[in-house]
Every structure is written in structure tokens, then in C-alpha cells.
Amino acid sequence: MGTKHNLRILAAVSAAGLALTACGSTGSSNSSASSSSDCVSGQTIAFLGATTGPNGALGQNMVGGIKLALDDYNKAHSDCTVAFKPFDSQGDPDQATTLATQIVGDDSIIGLVGPGFSGESLSTGKTFSAAGLPSISPSATNVTITQQGWPTWHRVIGNDSAQGAAVATYLKDTAKAKKVFVVSDDSDYGKGLAGYVKSGLGSLVAGTDSVATGQTDFSATVTAVKSSGADAMFYGGYYSEAGLLAKQLRQAGYKGLFMSGDGSEDAQFVKIAGADAAEGAILTAPAGPAPADFDAKYQAVNSSPSGLYSTQSFDATNIFLAGIDAGKTDHADMNDFIGAYTGTGVSGPIAFDENGDIKQSAIFAYKVANGKLDTENPTPIK
Amino acid sequence: MNFAFLFNNFFELTITGLALGAIYGLVALGYTMVYGVLQLINFAHSEVFMFGTFAVAWVVVFIHGTDSATQGLGPTLGILAIAFVAACLTSAAIAALVERLAYRPLMRRGAPKLIILISAIGMSFTLAEVMGVRDKLAGWFGLQVRLADYVSQARNVYSSPITINPHGLFPIGNYRVTDVDLLIIGSAVAMMVVLDQFVRRTRLGRGIRAVAQDPESAALMGVNSTRIVQATFLIGGVMAGAAATLYMIRIGSTRQNAGFILGVKAFTAAVMGGIGNLRGALLGGLVLGVAENWGSALFGTQWKDVVAFVLLILILLVRPTGILGESLAKARV
């Protein structure tokens, strides 16, 4: 069966390649000829992340934010527009490495918004850093990424250690949980976040388990959670599995709190779990709600409502655009500009430390209530 | 190794494992039947199953709408019956399509088996990708908006809006067996028995066995082997449709690549039970499902595939032809 799997990867990669060629041609077609002397025409901002695939909803949110920022910019700078090239990794670290090679080979790309997920960030970081391409991730939260010594890697979102500590605080102080069962998937993100939750909870951890991405039947995990007598559980991973796990737990009679992180903070979670099973679930994210007028502007450009990471990718794009405005036309100048950048975006105050981590971030708890994920009124966790 | 956990929850782990294994077994029947007749692994069978899961979800959306609802098995039986028929028809149609496009033209030209194997793999990708771009396909016909409930976000998870809550019926040990468990295990066993009897007792079944034993002699005796092969694919498709219905009752969500992992597991189950052997396929499925759950309990869920495949290797070391080991051809009346 190994052959089949390899073939699948091969086909998927070549399909992605084809898709790219198509995207590339549409993306660059709207760059107009330079008219003013200081305009470098055809500057492009790239995105690398999952816009399709099992967790593609999150990448769509990011692309929407980038499009909005570019739309604003290009309207104001019609004589020197910036183009956009999305690269769809489907969230797969292996596919992302191939795309990363294409991205660094494209001289028009001044900066990268992304990579979207932690796994693909770790698999592509070396390529981007060797090529000196500055990147700002709106969403990759694994702690180890910024410990790799990649000088061009930045993120505008709090990392998993901050979020893990906040989750533990919420479980202890707000939910008053006595016994917590911690489950993670096998992704860099899920394992990392669950690890920080575990260390934050200490002796409250009643048991742990680890499941596989793509798994659909969690009966052994469900039995383990129930028999541990846990009154709360935390899942580190993405909504596809989180939804099914929540559903199967409730079906088996689990009554405690279901909690998960930003990878599950999407309306798809409620859809997959079913409204009844998802009810009362708490999903945390190192991202607050979008400002009131942001969503209206977003919908005017994207025809769908904004979601998790939309504000972060909007801000990340705006940092690059500010750099372009400041005349930073090569990778090294742009990277210095980002490193020194301070400002306040729609997602909050932005400034980077020497590792590329955002200096200040807040973690919010979102609740599923009345069959819907309430994205507008999250509770900040202190 | 957490033996205490396994023993304290032995019945729950075993019964939920059997329910999972029953689904593996039904899908495994499709692999095993095609192998029995053609000595080929039909790699596109996982997509036959995947189309069945979508048929179930579409029927539920069509009848019920997209509002999320949770209800017991009883009130859902009507919709499920229609979904079952739709899934069997869809899967059988896809299986027939696979046979017509990926097998028959090559077999007619006497292509080597390896070539046919590769065309089946190609068919598998094609079918999965067709499902993954179904929104674009609908767009070609201008139906993207009208069919939005069925085709939008084609590569994302697609869920049945009705969640079926299992209802505990009677206790075994410290576990209350639910109606869903019983339905899944019961219908899988029933379908297997019917299929087994069909192959043993009917004229078409005799034809299948004849082609499995010796295609040339069967042709000389007046058996139309093309029709037999077609019938084999259709029957395998119906079984995959049944498996898809049970899968959607239990899991409730699917996606364009949902067949892949399940296909690998079902293929493993078929090999474990003895590929080419109908009873072996179901037995292999049940053993695999239970082994996964026990393995998860002992070592943690991340080890379940290791446990399942070590078990497969051990079984094949002792019995190289699988647990029951007898091929479709040798099944006696």
C-alpha cells in the first residue's frame, strides 16, 4: 500500500503544481506598469497555507484577510499595485516544501504571509531562511519555530506556550475542573499545545492520549476519557478530528467540559460535532474578535464572513505593504523593516522580539452557545 | 502497558471495536471478491465506499435539510433506509464504472496484471479528485448556487446534519450495548451471510466460483466471464454502499479522501482473513477492529496501527494465506 500512498502524494503535488501555474498567471495579471519613478512594478506578496484540504477553512480566512489588505492598498496606489500569489499546501508539510522551493525561486515575491500551520512552518523554515525571504505567519503557533534561529521568520500571533498556560488557567480558575484528560493529534501544533496545557495543569491531568490526523473513530479514546472520571478534557489539534471526538464523547455519555485550541476554533467544528454535541464547548485562540467595521469591509471583498486569523493575515499583509511604501524593495531591507516594526493592527499591538515572536498577545475563550460558535463575544483569559 | 484499563473496560472496547471492524469487514468483502475472481487488488474500491458515504449524507440533506439535529435511531430509520438504497446504488454504479473504464478495456487487450493494477490506482485518484472538485463541476452546469448545500467547500469535511444518538439497550459487563452497535454488527453479519449463501447456492454464484477457479474452462463451459466480472464488481459495490451507510450512522462525516485510510484498513482485513475468502473478510475486519481498540487501550491510541499491523504479520507468519486462508474458488457448496 506504500506505493499507493506515494502515488497519491505525487499526484497531489503535481496537481498543486498545475493549480499554481494557474494561480500565478491570474495573480500577477493585475500588476500595472510602473508610472512613478520609485515604483517597483510587479511586487508580489505570496501566501503559503491550506486553502483546500481537511482544514482549508482556516486558510480561506487568511487569504480573505490578505485580499482585503491588498484591495485597500491597490485602491490607494492604483499607479503601483501589489500582486498576490496564493500557494495551497493543503496543510501538508511535505507539499509545502515543494511549494517553498517555487516561492523562493520567484523573484517578484517580496514577502510571504504564512506559512499557515506549524508543521509546514517547520518543514519550510530552512528554505525560506536560506533564501532570506521574510515571512510573517498569521497563525503558526508552535513554540519551537521561533527557536530555530531563522532570522526572517515572524508571526503576529501568540505562541502555544502562552495559549497553553491560558487554557490551564481557564480550566483551573473559570471551569474549576478537578480532573482533566488531555488528548492531542500527531501534528507539531497539536502535540506542542497539548504539552503546554499538560505542564500548566500539573497534577490535575487525569490521563492523556494521542490520536492520528485523519482518524475518524475514537472509541478507545472515548472509553479512556470516560473511565478516567475526568470532568473536563482538552484536545490539541484541528477541527476535523476535534468535531468527531466531541461528538463521539457526548454520544458515549461524557458530560464534562470539552475544550480545544485555535485549530478547532471554526464554525466547521460545530457542523462536524453536531449542534448538540458541540454545545458548551470552549475553544481558545490567541486572537480577539474582529473590530466591528472589519467584517463589513471583509465581506465586501470576499463575499464570505471573516474568520479566525483573518485579522492577523490582514495585519501581516499591511506590514509588508508599509515596507513597500517605505521603499524596501529587497528581502534584506524588508526583513530589517519588519524586525523594527511597531504599530497597532486590527488584531492588536504588533512588535516583534529578536526571535520573530510577537511581543504582546492576548488569549481569548470562545464558546459554542445555542448551536453556534460565538465569534463576537469571547472572554479574555488573564 | 495499561492492562488495568483494558480489563476494566474490556466489554466496551471489544464491542465498539467489533462495530468498527464490521465496517472494515463489509468494505473488505469488495476487495476479496474482486481478488477471488481476477487475482487483482481493486485499489479504486476505497473510492466506491467514499461515494457511498456522500450518497448517504446527500440523501439526509435532501430530505431533512441542513439544520443540525440530534435524534435517536428509531425516528431516523426511514431516512436511513432511503439513504441505504441510495448508497448501495451509488457505490454499485461507481464500482461498475471502475470495471468498465479501468479493467475491461485492459483485460480485453490481454494487458499484464500490473498494468491493470495501475489503472485501478489511477481510477482511485480520479474518483477522489472528482469528488474534491464537485463544486467546480456543478459550476460548469451553472448549478453551483442551487446545489450549494451539496457541493460547496468540496475538499472540506462534509457532515450529515442529523446526529444519531445511540440508545443503551442492555448491559454486557459494565457497558450498555447500544442500538447503533447492534445495528452495525448485526447488519454486517447478515449481509455477509446473505452474500456467502448467494455465492454458494445461486447460478450467478456458481458462475463466480467457476471463473475464480479457472476462467478459461469456465468460458468453455458457457460462462460469460465478462458478465461474471461485472456482477462481482456490482456486488462488491453494494457491500461498500452498506458499509458506507453504517459508517455514516456511526461517524456522520466524510470527505473526498475518506476512503483512503478505511480502504487500507479494509484491505488489511481482507488479507488478514485470507484474501479471496468471503467469511475471512468479515472475520479479518472484526479481528482488526478489536485489535485496534485493545492496542489503543494497552499502548495509547497512537500505537493502534502498530498493534494491528504487527498482528497481521504474526498471523501471516503462522498462516501465510490468512486466518481462514481458503480462496473464493475453493468454496464448496
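In the predicted model, strand 4 (residues 135-137) of chain A and strand 5 of chain A pair in the parallel sense, and three bridges join them. Within this pairing region, S137(A) is placed opposite R155(A) of strand 5 of chain A.

These two strands belong to an open sheet of five strands in chain A, in which the pairing is parallel and the strand order is 2-1-3-4-5. The edges of the sheet are formed by strand 2 (83-88) and strand 5 (153-155) of chain A; each has a single partner strand, so one side of each is left without a neighbour in the sheet. On average, and with direction ignored, neighbouring strands of this sheet are turned by 25° against each other.

Two helices of chain A were examined against this sheet. Helix 3 (residues 93-104) of chain A lies across strand 1 (44-49), strand 2 and strand 3 (109-113) of chain A, and runs at about 170° to strand 1 of chain A. Helix 4 (residues 118-131) of chain A also packs on the sheet, where it touches strand 1, strand 3, strand 4 and strand 5 of chain A. The direction of helix 4 of chain A makes about 135° with that of strand 5 of chain A.

The contact between the chains takes 36 residues from chain A and 34 residues from chain B. On the side of chain A that touches chain B, the elements giving two or more residues are helix 1 (2-28), helix 2 (56-76), strand 7 (205-210), helix 7 (219-227), helix 8 (239-251), helix 9 (267-273) and helix 10 (275-278) of chain A. Of these, helix 7 of chain A gives the most, with six residues. Sorted by class, this side of chain A has 13 nonpolar, 15 polar and eight charged residues.

In chain B, a helix pair was described. Two packed helices are described by the angle between their axes and the distance between the axes. The axes of helix 13 (residues 278-299) of chain B and helix 14 (residues 304-318) of chain B come within 8 Å and cross at roughly 130°. The two helices of chain B are therefore oblique to each other, and helix 13 of chain B passes helix 14 of chain B in a right-handed crossing. Helix 13 of chain B contributes L288(B), A291(B), E292(B), G295(B), S296(B) and F299(B) to the contact, while K304(B), V307(B), A308(B) and L311(B) come from helix 14 of chain B. The residues of this contact divide into six nonpolar, two polar and two charged.

Notes
Residues are numbered from 1 along each chain as its sequence is written. Chains are lettered from A and ligands numbered from 1 in the order in which they are written. This is a predicted model: local features need pLDDT of at least 70, side-chain atom pairs count only at pLDDT 80 or more; totals for chains, interfaces and linings use all residues. Axes are lines fitted to C-alpha atoms, for helices over the stretch in contact, and angles run from 0 to 180 degrees between N-to-C directions. Helices (H or I, at least four residues) and strands (E, at least two) are DSSP runs, numbered from the N terminus. Angles under 35 degrees count as roughly parallel, over 145 as roughly antiparallel, 65 to 115 as roughly perpendicular and the rest as oblique. A crossing is left-handed if the near helix is turned anticlockwise from the far one by less than a right angle, and right-handed if clockwise. Two residues are in contact if their C-beta atoms, placed from the backbone, lie within 7 Å. Ala, Val, Leu, Ile, Met, Phe, Trp, Tyr, Cys and Pro count as nonpolar, Asp, Glu, Lys and Arg as charged, and the others, Gly among them, as polar. Two strands pair if DSSP finds at least two bridges between them.
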